[in-house]
Amino acid sequence: MSSLGFRLIYTLINIRENVACERVFYVPEERPRSVESGLELSEFDVVGFSLQYEEDYVNLVKMLLSSGIPVWRSERDEKNPLIVAGGVCAIENPMPLSDFIDVFLIGDGEALIEQLIDICVEERGKHARMEALSKIDGFYVPGLNDGKVKRVWCKSIEDIFCPTMQVIPVKEEKGLTPVFGRSFLLEIARGCERGCRFCLIGFCGRPRRIRSERRLRQLMEEGIKQSGVRKVTLIAPSISGLKIVDLCWEAVNAGLEISLPSLSIDAVTDDLLDAIVEGGQRTVTIAPEAGTENMRIKINKPFSDEEIIATAEKIEERGLSLKAYFIIGLPYEKEEDVDAIAKLIDRISKSGGRKLKVSVNPFVPKPHTPFSWVPQNSLQTLRYKRARIQKLLRGKRINLEGMDLRKAFIEAFLSLGGSEISRIIELAARYGGGLGGWRRAFKESKFKAEHIYKFRSPDEEQPWEIVDVGVNKQFLIKEWERAIDGVQTPPYSHCKECMICDY
Ligand code: SF4
């Protein structure tokens with residue numbers, strides 16, 4: 001419900017005359033039924049999953065199981081719906097789900113969904129549809145086009161369809177309330193080329209595409225009117241370098257609430273913060289990620305301590321609550337880097353009067369990034385590092401949180417795996433999901449996922465390389481070498497090194 005992509009696909013399909021799209025959400029222990037008509041999944045011609053987080057893979061299987069649809073695609077026939085999946089995880093690595101899904105959409109929804117629907121309308125029968133889709137760039141049909149699959153994307157987002165009439169719940173309902181509240185979601189930019197070397201979107205989402213101020217103004221006006229809300233949330237992976245201050249003030253002066261979910265450290269200006277305060281936002285999030293400048297150069301997010309502290313001061317001077325994100329277990333992290341996280345958190349906390357919120361999460365190697373070959377720290381090491389930070393900050397006015405460290409291993413396992421792990425996903429789903437389900441699944445399958453803790457050579461073909469995201473592999477290797485040498489790559493340099501511009 002919170003995802004803009006989800007709202008976009010829903011609207012894109014429903015504006016067509018001959019097709020109807022309904023929404024189904026995962027609710028634990030409930031048989032999935034559509035919100036609109038109460039139909040079960042098995043009653044639809046096509047069932048589409050939006051894959052935003054790896055931990056949802058188990059939920060996808062659970063939804064198929066509880067709908068009575070055979071989980072394995074090899075066991076389904078023409079009577080079963082066509083099962084499709086898209087979203088960032090499909091682009092990242094479709095292989096762990098390739099035994100469950102009939103068709104993956106690899107790329108931007110706007111570039112693919114029309115073709116999917118056209119084929120489903122024109123072709124009779126599931127197999128005929130799969131055959132036809134397997135011949136089109138951006139569709140991966142396991143078993144039919146198992147070579148390289150090209151990701152496809154919109155060259156510009158300026159004039160592509162934007163859902164201005166978004167379906168937003170009138171009242172708060174369990175499991176259906178969007179994260180950003182009752183808000184019109186406006187995409188101001190797509191993709192990011194800052195090049196933080198751990199970041200999936202920073203590589204899989206390239207190139208960066210920006211909407212003009214003129215177009216944003218027009219969409220905001222229409223969206224607020226048609227969606228019937230008084231709040232606008234501006235969506236972009238990073239707002240660095242974007243001109244949005246005037247737009248924010250226009251929204252505020254029109255009596256709207258505004259929200260910017262995450263602020264880039266180099267984009268926080270006095271004027272922008274004043275607009276945010278006037279627009280009713282109460283908490284601002286920044287992500288320094290690492291504690292030392294040296295480590296921040298390695299990950300290619302080279303802000304100085306002074307820039308981070310100055311940004312925190314500006315935020316807290318205005319009475320805003322601040323939340324800061326850090327990563328432990330980054331490549332070549334030493335004990336002093338871990339200690340430096342605690343020191344930096346302490347310095348940030350002293351810049352304001354409120355209790356600082358901090359989230360410390362483990363590094364998870366992601367496909368198609370320069371750190372995709374890097375081992376993840378063991379659970380024991382991660383526990384030690386987080387406990388060390390907690391100890392160094394004991395007694396300070398800091399609210400420290402973070403994901404369950406055991407889940408970081410599962411996320412890496414799902415991000416990096418091939419089709420051989422589908423059996424374990426299915427077992428984990430049958431055992432109820434959650435950590436208990438995963439523990440039983442690993443035990444029963446006797447699968448050892450030791451590769452997560454080892455360096456994976458770039459010379460060895462990895463499962464996710466079935467997807468050609470458009471970024472040159474040699475560039476990723478060069479970026480990895482630059483990380484080792486502590487060399488920065490300037491953001492948004494239009495250098496042509498990654499080759500996305502020539503794709
Ligand atoms: S700024 Fe860095 S972390 Fe944020 S989206 Fe861009 S590449 Fe990713």
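Colleague: How much space lies in the second largest pocket?

Modeller: About 370 Å³. Bear in mind that this is a predicted model.

Colleague: What makes a residue part of that pocket's lining?

Modeller: It needs an atom within 4 Å of a pocket point. The lining has 13 residues, and F409, I410, R439, F442 and Y453 are the closest to the centre. Helix α16 (434–445) gives the largest share, 4 residues.

Colleague: Which classes does the lining of the second largest pocket have?

Modeller: There are 9 nonpolar and 4 charged residues, with no polar ones.

Colleague: Why is the group around F49, L51, L97, F413, I425 and W438 called a nonpolar core?

Modeller: Because a core takes buried residues of the nonpolar kinds, joined through side-chain atoms within 4.5 Å. This set has 75 residues, and the six you name have the most contacts inside it. Helix α14 (405–416) gives the most to this core, 7 residues.

Colleague: How do you know what W438 touches?

Modeller: Contact means heavy atoms within 4.5 Å. Leaving out residues up to four places away in sequence, W438 touches V58, I410, F413, L414, I424, I425, A428 and G433.

Colleague: What makes β2 (82–86) and β3 (103–105) a pair?

Modeller: Pairing takes at least two bridges, and 2 bridges join these parallel strands, so they count as paired. V84 has V103 as its bridge partner in β3.

Colleague: And why are β1 (46–50) and β4 (139–140) called edges?

Modeller: The open sheet runs β1-β2-β3-β4. β1 and β4 each have a single partner strand, so one side of each lacks a neighbour in the sheet.

Note on methods:
Residues numbered from 1 in each chain as written. Predicted model: local features only at pLDDT ≥ 70, side-chain atom pairs only at ≥ 80, totals over all residues. Heavy atoms only, no water. Buried < 20%, exposed > 50% of the residue type's maximum accessible area, 1.4 Å probe, protein only. 1 Å grid on protein atoms, 1.4 Å probe; cavity = no way out; pocket = protein on both sides within 12 Å on 5 of 7 lines; lining within 4 Å. Points joined across faces, edges and corners; volume = space filled by probe spheres on them. Nonpolar A, V, L, I, M, F, W, Y, C, P; charged D, E, K, R; others polar.
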